[in-house]
Amino acid sequence: MRVRSYIRRILCTVVLAGAASPFTFCADGGQHTVADREANIFPDYRNVTVPPNIAPLNFEIREDGRRFKVVISAGERSVEIASRTGTVRIPQRKWRKLLSAASGLELRVRIAAKTDSGPIDYPEWSIRVVPEPIDPYLVYRLIEPGYAVWGKMGIYQRDMASFEETPIMVNSLTTSNCMNCHSFNAGDPETILFHMRQNFAGTVIAKDGEVSIVDTKFPDEISAGVYPRWHPDGRHVAFSVNETSQSFHTEHPNVLEVYDQRSDIILYDTEEHTASSGGAIHAEDRFETYPEWSPDGRYLYFCSAEAKELPEQYDSLLYDLFRVSYDPDSATFGTAVDTVFVASKTGKSVSFPRISPDGRYLAFCISDYGTFPIWQQDSELYLLDIESGEAGPLDAVNSDEGESYHSWSSNGRWMVLGSRRLDGLYTRPFIFYFDSDGRAHKPFLLPQKDPAFYDTFLKSYNVPELVKGRVGITPRQVERALKK
Amino acid sequence: MKTNGRIATGRMFFIVTAVLLIGVSFWWVAGVNRFQALYHSEKLQLFQFTHPYFLSFWKWPGGVASYIGSFLTQFNYLPMLGGAIYAVVVFLFRLLTLSIARKTGLSARFFGLTFIAPLLLLLCMAIPYFELSYVVGMFVALGGFRILLWRGDNPFFVATVVALTYFTAAGCVWLLVALYVIRLLSCRDLSGNRWILLIASVASTALSVFVGWQFCYTTAPLRNVLLTLTPANITFFKSLYVYCLWTFFPLLVILCALFRSKKAAPAQGISLVALVVNVVCVVVLYGVAFRVSYDRHSANIIKLYSEVQAGDWEGALSTEKQTMPTQLSRALTNMALVWSGRLPYEMFRYRQIGTSGLFPPRNNYFLTLAEGDIYGGLGLVAVAKHCTFEAMVGNSGPKEHNAQCIEKLLGYSMLEGDTLLFEKYAAPLEASLFYRSRVKEEREAMSRMMAAGEIPVKPVLDGDFFIEYNSPDITMQKLLEHDPHHRKAFEYLMGWCMLQGNVDAAKECFDKYYAGLDYPAMPDHYAELMVLYKNVNGLADDFYDRYDAGHLQSDYEEFELMYLASADKDVQRRIVQKYGNTYWFFLNFFPNRTEQ
């Protein structure tokens with residue numbers, strides 16, 4: 001009896017307390033103040049540009065306060081969210097309506113807090129909504145940013161309009177082996193490949209729902225295919241073949257070095273299962289890697305560096321950007337190699353070249369040396385205007401920590417970038433708008449249902465690739481194909 | 001109390017047995033097996049009160065049972081509390097067993113049988129890597145069975161209980177179905193159509209597994225879908241006790257069917273003789289089982305590990321004497337010797353197994369972690385962090401990241417003054433119940449020390465080099481080249497060369513660095529090394545003008561003579577007694593160990 005009355009008393013108190021204290025911007029009692037700065041929130045979504053098909057930008061208010069109120073408005077329409085903890089979760093349906101109301105305009109966000117010293121209103125900020133959508137899916141590998149050892153890993157796809165994440169393949173089905181380098185033909189979800197290592201070694205190629213496993217290690221080549229890029233014809237794939245090693249620093253900001261002791265580029269025919277050498281690409285005293293096709297399929301861009309003694313000369317290994325012509329009809333490369341961007345003259349190195357779908361811009365990473373920007377703190381994203389030949393860093397996008405893998409949206413207006421800016425170790429996907437004038441806008445973190453998700457999540461988002469639709473293959477399909 | 005010449009096993013009897021069982025369980029778990037039952041399991045997980053952590057369990061068969069098991073395991077952080085929880089779990093297990101036994105008609109004469117399941121559970125709890133999730137799974141299955149004993153005549157009800165059991169405790173459904181089928185086939189006075197009930201239970205199991213396989217656990221291998229939380233699916237779980245525990249219940253139900261009492265068990269009394277026989281059997285069984293099953297080696301090695309972690313060198317070196325000489329126990333012992341400055345004096349007082357006992361190969365979680373501790377102690381924080389990280393990610397259990405590694409990584413981030421990474425590792429710890437206050441303290445300490453300019457700690461190196469994990473001697477050499485006054489690196493390198501039996505390399509290292517290291521006098525083992533070097537190379541006595549080891553020359557000569565006569569058992573005894581702790585003894589009597 002006593003317990004029951006005690007519970008009843010607590011319930012009454014809670015209900016009455018809730019009813020008696022409606023919280024408004026200029027709420028009860030204390031001195032009402034207007035803060036001289038915007039509220040500190042995580043992720044930082046202040047004044048970012050977003051596509052009309054993005055999931056709710058849930059965030060945490062990292063300010064002192066007992067209660068918070070957030071009002072997000074677009075013209076007449078608004079959503080009001082109250083929170084005791086500072087966690088702001090925007091209902092998906094209301095968010096979609098807001099986005100459609102604000103397309104081409106701005107969402108205004110007002111935050112108020114109720115603190116011990118009275119209510120505080122923070123200055124309003126905005127989220128710009130542009131009409132160009134981002135590709136509906138993002139595919140990435142989730143892996144610990146480890147060194148030589150890994151645990152659970154998998155390749156996943158994330159619906160950009162919601163928070164749904166589904167696996168494409170996970171290593172729990174295949175004796176915890178490594179898998180890597182997923183690649184799509186111009187963002188086509190029906191054409192995907194990725195590599196499986198160790199016990200189920202081979203390259204998984206899925207085309208139009210059919211999954212096959214191929215061996216891309218040819219007798220005369222350095223290794224099986226590593227970094228892939230699909231030719232727009234959907235039949236050929238340019239692979240780098242690399243003899244890759246790792247060395248671990250004892251006192252260095254970069255922790256470890258990943259370098260190739262030999263590398264080259266081959267062209268793989270997915271129908272004939274044959275590989276041909278890259279012709280003029282190959283040079284005895286150079287390392288070639290990171291192939292990238294022009295959207296019309298008539299040029300292959302690649303990085304190449306003068307060979308060095310490794311690991312001793314690891315910090316003088318500098319890659320430049322080149323291209324070679326390609327004849328799609330005969331599937332052969334030209335004999336002359338053009339220089340596209342010389343980074344080595346300024347003591348820098350190029351990696352991960354990615355061309356915009358309209359063929360005008362080329363985004364790539366620049367670091368002080370080497371070929372693996374994921375582990376290089378100084379790595380920055382650069383942009384080359386292929387028409388004018390002008391190149392420079394994307395200052396609006398770069399941070400103090402390393403920027404690495406990046407991918408264009410199929411309409412060329414969005415890019416996703418892997419960056420370690422949050423903690424210096426765990427790569428997170430940042431999305432940014434790239435306008436028609438060739439300007440990059442402030443990047444924002446891929447939203448999550450729980451805005452504190454990234455705090456405790458101990459895996460990196462590796463190789464984030466924007467895709468034009470949902471990838472149809474399932475882990476079970478891949479498992480079956482591998483175990484056949 | 002006596003009724004009609006029989007003793008009523010009433011409430012008082014129940015309370016006495018309950019108290020005894022809880023007491024014995026607490027003693028066994030929190031006292032005898034504290035390190036492997038409590039410390040180990042708690043350190044290898046990090047229970048977080050976060051939504052993503054909760055959801056991560058749902059993707060895996062038996063996720064609910066695992067989540068509850070992990071929740072309970074977190075309390076092992078406070079060993080007394082953890083021990084109490086385990087004891088209560090054992091008691092509840094006995095209650096469930098008793099309830100099943102009574103319902104299936106076990107005669108009160110055999111009440112001692114109901115103590116066997118808790119005993120087996122206690123033995124399982126002492127197995128390193130045993131998780132409470134398995135117990136929760138069994139609870140679900142046995143609880144389900146108990147419910148079916150109560151109301152198992154409705155096929156839909158049966159199917160529902162079976163399905164719920166599968167989606168809560170995965171493979172434990174096989175235990176439930178096995179028990180239920182035995183019950184159906186053995187019970188004569190069953191209401192309802194036994195064949196329909198049997199089909200309902202089996203069909204529900206098959207359907208649940210199929211649905212789980214196709215729709216719920218799409219990233220789990222078939223083996224896990226079928227057998228998670230059963231002894232068959234966990235390699236380290238393969239212990240006789242676990243199989244016994246699983247098979248005990250079907251046997252109990254069969255026994256109950258065979259020796260079924262006509263009267264309801266609770267109201268029964270039993271004769272004094274039966275009571276005494278039962279009590280004596282239970283006591284003897286518990287005593288023998290505890291004696292036989294106690295895994296001294298596992299207990300001591302985990303104790304040794306925790307002592308080294310806590311910097312209790314004396315405790316570690318005393319525990320060492322009770323451990324088997326494995327790579328891990330040697331590495332930990334040698335760490336305790338190096339950190340306490342006793343390696344050059346006492347290294348060969350402890351059983352050495354070769355270089356792998358100095359720098360262990362990274363074959364498993366503990367060895368990798370120990371290697372990280374070694375490099376951390378040598379001041380190579382980045383390398384220590386690397387090893388710890390690899391230990392964490394390589395330990396690919398369902399719980400993935402654990403408190404032991406994250407705490408270390410937090411500490412290393414602190415030493416490096418890396419505030420971003422510190423906060424990164426602080427977040428999961430702060431999401432736990434017991435580590436959040438620790439993080440708060442560390443954050444405050446870090447702020448204070450950073451303000452005072454004490455961190456980031458000054459790197460031990462004035463430069464950088466690539467570490468050679470497979471050749472620690474090269475790493476030590478590089479370390480000494482950068483810092484010739486690095487005493488620990490010197491001692492490790494000397495230890496490595498001596499364990500290799502490479503006397504020349506050891507002397508070269510000694511010549512190069514010893515003078516700069518301010519030893520008050522030449523340490524014993526180094527003196528033994530020099531005597532050996534002098535005699536092996538036939539050098540003149542003026543050798544001792546440079547190396548202060550002449551006082552051991554006569555001992556060495558005596559050792560040599562005894563060695564030549566060591567076929568004699570008496571000589572063997574004397575040589576062990578007098579020279580068993582010397583480098584000479586190690587080198588001459590354990591030459592094969594230098595290769596390890």
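## Salt bridges, a strand and a charged patch

Lys507(B) and Asp511(B) are joined through their side chains by a salt bridge, 2.6 Å from N to O; a salt bridge here is a side-chain nitrogen of Lys or Arg within 4 Å of a carboxyl oxygen of Asp or Glu. This is a predicted model, in which local features need pLDDT of at least 70 and side-chain atom pairs count only at pLDDT 80 or more, while totals for chains, interfaces and linings use all residues. Residues are numbered from 1 along each chain as its sequence is written, chains are lettered from A in the order in which they are written, and side-chain values use heavy atoms, with hydrogens and water left out.

Both Lys507(B) and Asp511(B) belong to helix α25 (residues 503-513) of chain B, four residues apart, about one turn of the helix. Helices (H or I, at least four residues) and strands (E, at least two) are DSSP runs, numbered from the N terminus. Lys507(B) is buried, whereas Asp511(B) is partly exposed. Buried means under 20% relative accessible area, exposed over 50% and partly exposed in between, with a 1.4 Å probe and protein chains only.

Over all chains, the structure holds 50 salt bridges. Another of them joins Lys43(B) and Glu407(B), at 3.4 Å from N to O. Lys43(B) lies in helix α2 (residues 34-43) of chain B and Glu407(B) in helix α20 (residues 403-415) of chain B, so the pair ties together parts that are 364 residues apart in sequence. In chain A, Glu106(A) forms a salt bridge with Arg108(A), with the closest N and O atoms 2.9 Å apart. The table gives the accessibility of residues in these pairs.

| Residue | Relative accessibility | Class |
|---|---|---|
| Lys507(B) | 10% | buried |
| Asp511(B) | 37% | partly exposed |
| Lys43(B) | 12% | buried |
| Glu407(B) | 19% | buried |
| Glu106(A) | 38% | partly exposed |
| Arg108(A) | 29% | partly exposed |

A network of salt bridges links Glu38(A), Asp44(A), Arg46(A) and Lys442(A).

Chain A also contains strand β10 (residues 137-143), where seven of seven residues are buried. Tyr137(A), Val139(A), Arg141(A) and Ile143(A) point one way from β10(A), and Leu138(A), Tyr140(A) and Leu142(A) the other way. In a regular strand the side chains alternate between the two faces of the sheet. Strand β10(A) runs antiparallel to β11 (residues 154-159) of chain A, joined by six bridges; strands pair if DSSP finds at least two bridges between them. Leu138(A) has Arg158(A) as its bridge partner in β11(A). Six bridges also join β10(A) to the antiparallel strand β33 (residues 460-467) of chain A, where Val467(A) is the partner of Tyr137(A).
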